[in-house]
Amino acid sequence: MNKILSSLVALFSVTALCAQDTPIVPKLVVGITVDQLRGDYLEMFQHTFGEKGFKKLLNGGLVYADLEFDFPHLDRASTITTIFTGANPAYHGIIGENRFILKENREIPTFFDDNYAGNFTAERYSPLPVKVSTLADELKIASGGQSDVFAFAPHASQALASGGHAASGAYWVEDMTGNWATTAFYKTRQPVVEQHNRTPESLNKKIGSITWRPAIDISNYKAFPYTKNLYNFQHYFGVEKKNHVRLLKQSPFVNTEVREIAEKVLKSSLLGKRQNPDFLALTFYAGNFENSLDKNYSVEVQDTYYRLDQEIEKLLEAIDSTVGLQNTLIFVVSTGYFNEQEIHSSDMVTSGGDFYPDRSIALLNMYLMAIYGREQWVSKYYNQQLFFNRKLIEDRKINFVEFQQKAAEFLVQSAGIQDVITSHQMLHGAYNQRVQHYRNGFYKGISGDLYLELQPGWRVVVENDPNTNVRIRDNAVHAPVIFFGNNIKPQRINRVIDATEIAPSVSHRLRIRAPNAAQANILEELF
C-alpha cells in the first residue's frame with residue numbers, strides 16, 4: 001500500500017512540475033517589427049529613455065543580442081516577410097519592396113495586385129505575392145478562423161506580410177492622404193478604423209498642423225561625438241503637399257499613428273478576451289529622415305528613438321490594462337538593415353569609385369555582339385541584377401548556361417564588381433556559402449539572370465536619376481530580438497540567431513504548426 005501511495009505522490013509531483021514548466025498559451029500575441037532598429041543605438045541613446053519602455057523590455061525580457069538575415073539586399077518588404085513566414089525569399093517570393101516585370105519593361109510594387117481594389121486608397125494590393133503561409137495564417141487555421149488578426153504599419157508591404165492571407169484587417173498609411181488604407185482582398189471591414197479616418201484625429205485632417213521639433217533639450221542628444229553642431233531642427237509637414245505623408249512616414253509621428261490605432265482596435269475588438277489567442281502585428285520606424293540637416297549623425301534619429309521609447313511605454317501600459325502583460329506574448333524584432341545617408345566632404349579621397357550600370361551594360365552588350373551577333377542582348381539592369389533577352393536567346397538556339405557564364409566572366413573583370421553569380425549557379429550549381437547566400441534571395445521568374453556583387457565603398461550612379469545613387473556598405477547591423485511577457489524568463493543570450501527562427505518559435509508558444517515553409521529550429525530558450 002505504501003508503495004502505491006509513494007508512486008502516486010511521485011506521479012502527481014512530476015505532473016505538477018511538468019505543468020509548471022509548460023508555458024501557458026498566451027491570450028494575445030503582439031509582434032512588433034521596428035524597421036531599421038539598431039541595437040547599438042538602443043545602447044547609445046538609452047540615457048534619454050524612461051524606465052517603462054525599451055528598458056522594461058530589455059530588463060524583463062529574453063533578449064537575443066543579434067539577428068541576421070541570410071540573403072542580400074535587405075529592405076522593409078523582404079525582411080518583414082521573412083520574419084513572419086520563417087522562410088527566405090527563395091521560398092516566400094518577396095525579394096524586395098519593388099520588382100521589375102521584364103515583359104512589360106516596368107517596375108511595380110511587389111504586392112501590387114490589379115484584381116483587388118483598395119479601400120481608402122487607389123492603390124491595388126493583396127498579400128497573394130507571399131507564396132507561403134505566415135504565422136498569422138497558421139493561427140487562423142488552428143483556431144478555425146476564430147482568432148482575430150490585425151496588422152498596422154506605415155507601408156502596405158509591411159501590413160500585408162505581417163497580417164498574412166487571412167487577417168481580420170491589415171492597414172497601412174496611404175501615401176497621398178494619410179488615411180488608414182487596406183485592400184478589398186480582405187472581406188471584413190473594421191468600423192473603428194474607417195470611423196477614425198473620418199474624424200479630426202485622422203492624419204489626413206491634422207497633418208498640415210504637425211511640426212517636428214526636438215521633444216527634449218538638444219543638449220541631451222549627445223550620443224554622436226562626431227556631430228559638429230547640435231541644432232534645433234524644425235520640420236513642418238504641411239509645406240510639401242505632394243510628399244508630406246511620405247516624409248512623415250520617416251518621422252516618429254508615424255509611430256504615434258500606429259500605436260494609437262492599435263490601442264483603439266485592442267479595446268474595441270476585445271483582443272485577448274476570447275477562448276482563442278488573437279494576434280496584433282505592429283510595425284514602427286527607427287530609420288533616418290531624408291531632410292535631416294546632418295546626414296551622417298543626426299539629432300533627428302536620436303529624437304526618433306526618444307519618442308519611440310515613449311510609444312513603446314504607452315503601448316505596454318495599454319496591453320497591461322486590457323489583457324495583462326502576463327497573458328500576452330510580445331516579440332520585438334529589427335529588420336536588420338539601416339539606410340545610411342553618409343555625406344563625404346569634397347576634399348576626401350577614399351578607396352572605391354563610381355559604378356555606372358548603363359556603361360557596364362553597354363560594354364557587356366558590345367562583347368556579346370562580338371560573339372553572338374549584333375542584337376540587344378541585355379534587356380535591363382535593376383537593383384544589381386541583369387535581365388537578358390530570353391526570347392532572342394531561345395530563338396537563336398543559344399546555350400543559355402554558356403551565355404550566362406560568358407557574360408559573368410566578362411563583367412567580373414570590371415572595376416567595382418566583386419563577383420557575378422548566374423541564376424544557373426543558384427538553381428543548379430555547386431554551392432559555396434556565398435552562392436547559397438544569394439540563392440536564398442533568388443526567386444525564379446522574379447529575380448534577374450545575373451547578380452552583381454559590388455565592392456564595398458563603391459557608389460552606384462544611375463544617370464538621370466540622382467535619387468538612386470547609393471554607396472555600397474556590406475557591414476553588419478547590430479539588430480536585437482526581444483521576447484517579453486507570457487512567463488518569459490529574463491535572460492540575455494549573446495549569440496546570433498537567424499530571422500527564420502522567429503516564426504516557428506512563436507508558433508511553438510502558441511502550440512500551433514509553424515508556417516509551411518519554416519524549416520528553422522525553435523529557439524531553445526522558448527521551450
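The structure holds 35 aromatic pairs, where rings of Phe, Tyr and Trp (its six-membered ring) pair if their centres lie within 6.5 Å, with planes under 30 degrees apart counted as stacked, over 60 as edge-to-face and the rest as tilted. The model is predicted, so local features need pLDDT of at least 70 and side-chain atom pairs count only at pLDDT 80 or more, while totals for chains, interfaces and linings use all residues. Residues are numbered from 1 along each chain as its sequence is written, and side-chain values use heavy atoms, with hydrogens and water left out.

**Aromatic rings**

Select Phe388 and Phe403 to begin. Their ring centres are 5.0 Å apart and their planes stand at 90 degrees, so the pair is edge-to-face. Because Phe388 belongs to strand β15 (residues 385-388) and Phe403 to helix α15 (residues 400-411), the pair ties together parts that are 15 residues apart in sequence. Helices (H or I, at least four residues) and strands (E, at least two) are DSSP runs, numbered from the N terminus. Both Phe388 and Phe403 are buried, that is, under 20% relative accessible area, against over 50% for exposed and in between for partly exposed (1.4 Å probe, protein chains only).

Next, select Tyr438 and Tyr451. With centres 5.6 Å apart and planes at 80 degrees, these rings are edge-to-face, so the same label applies as defined above. Tyr438 is in helix α17 (residues 433-440) and Tyr451 in strand β17 (residues 450-454), so this pair links distant parts of the chain, 13 residues apart. Tyr438 and Tyr451 are both buried.

Now display Tyr41, Phe45, Phe224, Tyr297, Tyr305 and Phe338, which form one aromatic cluster. A charge sits over a ring if NZ of Lys or CZ of Arg is within 6 Å of the ring centre and within 35 degrees of the ring normal. Elsewhere, the charged end of Arg359 sits over the ring of Tyr356, 3.6 Å from its centre.

**Helix α4**

Move to helix α4 (residues 76-85), where nine of the ten residues are buried. Among them are Ile80, Ile83 and Phe84. At the N-terminal end, Asp75 caps α4, with a side-chain oxygen 3.2 Å from the backbone nitrogen of Ala77. Just after α4, Gly86 takes a positive phi of about 70 degrees.

**A three-stranded sheet**

Select β13, β18 and β19, an open sheet with the order β13-β18-β19 and mixed pairing; two strands pair if DSSP finds at least two bridges between them. Strands β13 (354-355) and β19 (470-471) stand at the edges with a single partner strand each, so one side of each is left without a neighbour in the sheet. Two bridges join β18 (residues 459-460) to β19, and these strands run antiparallel. Val460 stands opposite Val470 in β19.

**Cavity and pocket**

On a 1 Å grid over the protein atoms alone, a cavity is a set of points where a 1.4 Å probe fits but cannot get out, and a pocket is an open set with protein on both sides within 12 Å along at least five of seven lines; lining residues have an atom within 4 Å of a point. Grid points are joined across faces, edges and corners, and a volume is the space filled by probe spheres set on the points.

The structure holds one cavity of 30 Å³ or more. The largest cavity has about 60 Å³ of space, and its lining includes Phe71, His73, Asn383 and Tyr451.

Finally, visit the second largest pocket, with a volume of about 660 Å³. Of its 32 lining residues, the closest to its centre are Arg390, Lys444, Gly445, Ile446 and Ser447. Helix α16 (423-428) is one of the elements that each supply at least two residues of this lining, and the largest share, four residues, comes from α16.

Note on methods. Polar contact = N/O pair within 3.5 Å; in protein donor to acceptor, adjacent residues only side chain to side chain.
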